[in-house]
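Biologist: Put the model up, and let's go through it piece by piece.

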Amino acid sequence: MLHTLKADFSIIFDRDPAARNWLEVLFCYPGLQALVLHRLAHWLYLLGLPLIPRLISHIARFLTGIEIHPGATIGKSVFIDHGMGVVIGETAIIGDFALIYQGVTLGGTGKESGKRHPTVGENVVVGAGAKVLGNLLIGNNVRIGAGSVVLRDVPSDCTVVGIPGRIVYRSGVRVNPLEHGSLPDSEAVVIRSLLDRIESLEQQVKSLIPQESLSLTSVPNSHSAFQTSNKTSNVALAEKTEVAAACQLKDKAIQEFFDGTGI
């Protein structure tokens with residue numbers, strides 16, 4: 001336990017640029033204080049001691065604003081930043097090097113018994129106000145954006161944003177744990193795609209409106225008419241091909257959006 005507490009203490013200096021000295025971290029960081037009390041309560045909980053573990057958890061909640069059930073399993077080097085309003089359920093499991101911000105809930109979705117809270121992998125970042133609900137499996141190196149509501153399993157190395165949480169793959173790109181400003185906005189991408197599709201359809205409708213008939217005095221000879229018609233057909237074909245290619249890209253973005261929500 002002492003090795004784990006030391007790791008919890010050391011990770012704060014790596015994750016928080018505001019941490020300046022060990023006294024400040026020890027006495028002024030509620031996330032660390034909540035973890036220390038939780039590890040004591042969890043040890044007593046595993047011994048089967050009644051009441052006392054829950055009482056320690058209740059005292060920790062009163063002192064820090066962080067509620068962690070004694071039954072929750074938390075790995076080493078976990079950092080709860082600020083922490084006010086964090087709720088972690090009884091059967092929740094949190095892997096090593098997780099970073100949890102204020103207002104996060106790792107909770108259940110009903111009165112089911114057994115494993116009913118999330119299992120969070122290693123090196124996971126859960127943004128401020130995010131809710132992860134149910135017996136879910138969150139893979140390693142996952143980033144959950146602030147305010148997201150996650151209701152489905154998330155594979156490793158993904159970013160989740162939105163309500164409900166949508167999976168956005170970022171293959172081959174290493175994401176800094178503190179880089180919350182660069183999370184993608186999948187809703188904005190899809191809305192932009194739909195607007196572009198509407199504009200494209202409007203252009204096609206306009207192209208189908210009959211042109212004003214040419215006057216008899218300006219009728220060209222048959223050869224010129226054939227050349228003009230041929231050029232017009234080629235231009236129209238090129239425009240249709242370009243529109244079709246653009247629509248395929250839009251369809252891909254929309255489908256990825258729906259896939260991320262589980263629709």
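**Contacts, burial and cores**

Biologist: Which residue's side chain makes a polar contact with the side chain of Asn141 at 3.2 Å?

Modeller: Bear in mind that this is a predicted model, where local features need pLDDT of at least 70, side-chain atom pairs count only at pLDDT 80 or more, and totals for chains, interfaces and linings use all residues. Residues are numbered from 1 along each chain as its sequence is written, and side-chain values use heavy atoms, with hydrogens and water left out. A polar contact is a pair of N or O atoms within 3.5 Å; within protein, one must be able to donate a hydrogen and the other to accept it, and residues adjacent in sequence count only if both atoms are side-chain atoms. At 3.2 Å, the partner of the Asn141 side chain is the side chain of Asp157.

Biologist: Is Asn141 buried, partly exposed or exposed?

Modeller: Asn141 sits in the loop between strand E11 (137-138) and strand E12 (143-144), and its side chain also makes a polar contact with the side chain of Asn123, at 2.9 Å. Buried means under 20% relative accessible area and exposed over 50%, with partly exposed in between (1.4 Å probe, protein chains only). Asn141 comes out at 32%, so it counts as partly exposed.

Biologist: How far is Asn141 from Gly121, C-alpha to C-alpha?

Modeller: Beyond four places in sequence, Asn141 is in contact (heavy atoms within 4.5 Å) with Glu122, Asn123, Val124, Asp157 and Cys158. Gly121 is 20 residues away from Asn141 in sequence, and in space the C-alpha atoms are apart by 7.4 Å.

Biologist: Why do the buried residues of H1 line one face of the helix?

Modeller: Helices (H or I, at least four residues) and strands (E, at least two) are DSSP runs, numbered from the N terminus. In H1, the buried residues are Leu5, Ala7, Asp8, Ile11, Ile12 and Arg15. Leu2, His3, Lys6 and Asp14 are exposed on the other side of H1. The arc uses directions from the helix axis to the C-beta atoms, and the buried residues of H1 line one face because they fall within an arc of 155 degrees.

Biologist: What do those buried H1 residues pack against?

Modeller: H1 covers residues 2-15 and reaches 20 Å from its first C-alpha to its last. Its buried residues pack against helix H2 (22-28), H3, strand E3 (79-80) and strand E6 (99-100).

Biologist: Which backbone oxygen does the side chain of Arg39 reach?

Modeller: Arg39 is in helix H3. At 9% relative accessibility, Arg39 counts as buried. Its side chain reaches, at 2.9 Å, the backbone oxygen of Ile74.

Biologist: Which residues touch the most other members in the largest nonpolar core?

Modeller: A nonpolar core is a set of buried Ala, Val, Leu, Ile, Met, Phe, Trp, Tyr and Cys residues joined through side-chain atoms within 4.5 Å. The largest one has 30 residues, and those touching the most other members are Ile88, Ile94, Ile138, Ile144 and Val150.

Biologist: Which elements give two or more residues to this core?

Modeller: Val150, one of its members, touches Lys131, Val132, Leu133, Leu136, Ile138, Ile144 and Val160, leaving out residues up to four places away. The elements giving two or more residues are helix H3 (30-46) and strand E14 (158-161).

Biologist: How many disulfides are there?

Modeller: Cys28 counts as exposed at 53% relative accessibility, while Cys158 counts as buried at 2%. A disulfide is a pair of cysteine sulfur atoms within 2.5 Å. By that rule, the number of disulfides is 0.

Technical notes. Expected span 1.5 Å × (residues − 1).
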